[in-house]
Amino acid sequence: MHDQDIAMIPGLADFPRNQWYVIGYSSELGRSPVRRDCLGDPIVLFRTEAGKAVALFDRCPHRGMPLSKGKLLGDSIQCGYHGIEFGPDGKCTKIPSGGGLPAKMAVKPYPLIERAGWIWIWMGIGAQADVTLIPNHEELGMEGTGWYPDPGIHVELKANYLLPLENLADATHITYLHHGLIDTGNVAAVPYRMVVDDRRVRVFRDFVNEPMPPILAQVFHLRGERITRTLELTTFVPNLVMIRNSFIEVDVPDPQRRVNTLIVAVTPGNARYTHEFSAFGNNYPQQYAGRFDDLKKILLEDVEAIEEIQTMFDRLGIDRAPEVSVKSDEPAIRVRRLISQMIHREREGAAAA
Ligand code: FES
Ligand SMILES: [Fe+2]
């Protein structure tokens, strides 16, 4: 199979399965079942009595009722239709109407890992779940000394995941789509440097000694009239974007460095439905109470644009909706290539097995 067989067109892009995806926040899971879609799979999430997070395929194998409509009995989930129960490993623990427990009466369990307030789910072959594939949380500013993890809000979009993934890593729309909210009007025109490895596409822009926007001073607790900053947009292929602003105060006697990181995990619910799970990772304790309201406002501007693009794509179809790229789309093109290679390797491995 060649790369061109793998569709990496925003609007209908394929996604790899042998990867960790963020499925929600630790704070969302408790003793009531939560339903969430990931990569086209219906999934039910809950915690055992001891607090361990569990994810199971959300369809009772008996007659197909969503298990998330049932209830928890101890560590098992009881289907709401005929009361069949399944343990945290997906195996049937009880059939109230009697008879044996057939091995086929089971649902798929998914490996989960909780890190810094997020829950990561492995959507691929269970035996291949490799924890080292989760992005380094110290690099994200979500773990380690001197960092203050701060999750986050869940936003849903009716669009293919590649549209929001590229949107988040694209600095050149900020000046236009979010005009007045987060930049001083000069992001699009500032030259960037790009660094690519096998899992990351990193893009840096430097703004040296620029006038301090009052909103930045308020949100990031910055002092003085002028500021130097580096904006880093890093895509961790295939599903996470880190937007990091490193500010250095200029015209105060004891200049400080403030690092503010917005991390957004992009999780396909299905081919045309996507979750965004956000979090902040800062090198100072956050005190600005309006941060999530502000973030939501910005993300919803993106959602509106992205859903318009998806609707247009679906209406015209791939032949009548080509894209014409410009120089600053180079990082997005590299991201597409890396994801495409990832899917390619995964399918080759599956074919060989
Ligand atoms: S459908 Fe679940 S017990 Fe019958
Ligand atoms: Fe945006």
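Guide: Two strands pair if DSSP finds at least two bridges between them. The strands are DSSP runs of E, at least two residues long; helices are runs of H or I, at least four long; both are numbered from the N terminus. The model is predicted: local features need pLDDT of at least 70, side-chain atom pairs count only at pLDDT 80 or more, and totals for chains, interfaces and linings use all residues. Residues are numbered from 1 along each chain as its sequence is written, chains are lettered from A and ligands numbered from 1 in the order in which they are written, and side-chain values use heavy atoms, without hydrogens or water.

Visitor: How do you know that β14 and strand β15 pair?

Guide: By bridge count. At least two are needed; β14 and β15 (residues 240-249) have 10, in the antiparallel sense. T228 stands opposite I248 in β15. The two strands form a hairpin with 3 residues between them.

Visitor: What does strand β13 do with β14?

Guide: Strand β13 (residues 200-211) also pairs with β14 in the antiparallel sense, over 10 bridges. There, E210 stands opposite I227.

Visitor: Why is strand β14 called largely enclosed?

Guide: Buried means under 20% relative accessible area (exposed is over 50%, partly exposed in between; 1.4 Å probe, protein chains only). In β14 (residues 226-236), 8 of the 11 residues are buried, so the rest of the structure largely encloses this strand.

Visitor: Which strands form the 7-strand sheet, and in what order?

Guide: The order is β11-β17-β16-β15-β14-β13-β12, open and antiparallel. β11 (148-157) and β12 (193-196) are the edges: each has a single partner strand, so one side of each lacks a neighbour in the sheet. From one strand to the next, the twist averages 15°.

Visitor: How do you know that helix α5 packs on the sheet?

Guide: By contact, meaning heavy atoms within 4.5 Å. Helix α5 (residues 291-316) touches β11, β16 (257-270) and β17 (273-282), and its direction makes about 30° with that of β11. Such angles run from 0 to 180 degrees between N-to-C directions, with axes fitted to C-alpha atoms, for helices over the stretch in contact. Helix α6 (residues 330-352) lies across β12, β13 and β14, at about 160° to β13.

Visitor: What are the protein donors of the iron ion (ligand 2)?

Guide: Donors are N, O and S atoms within 2.8 Å of the metal (3.2 Å for Na, K and Ca); water is not among the atoms, so sites may look incomplete. H173 (NE2), H178 (NE2) and two OD atoms of D302 lie 2.0 to 2.4 Å from the iron ion. Their spacing in sequence is H-x4-H-x123-D. Both H173 and H178 are buried.

Visitor: What makes the arrangement around the iron ion irregular?

Guide: Four donors count as tetrahedral if all angles lie between 85 and 135 degrees; four count as square planar and six as octahedral if opposite donors are over 155 degrees apart and all others between 65 and 115; anything else is irregular. Here the 4 donor atoms subtend 57 to 145°, which makes the arrangement irregular.
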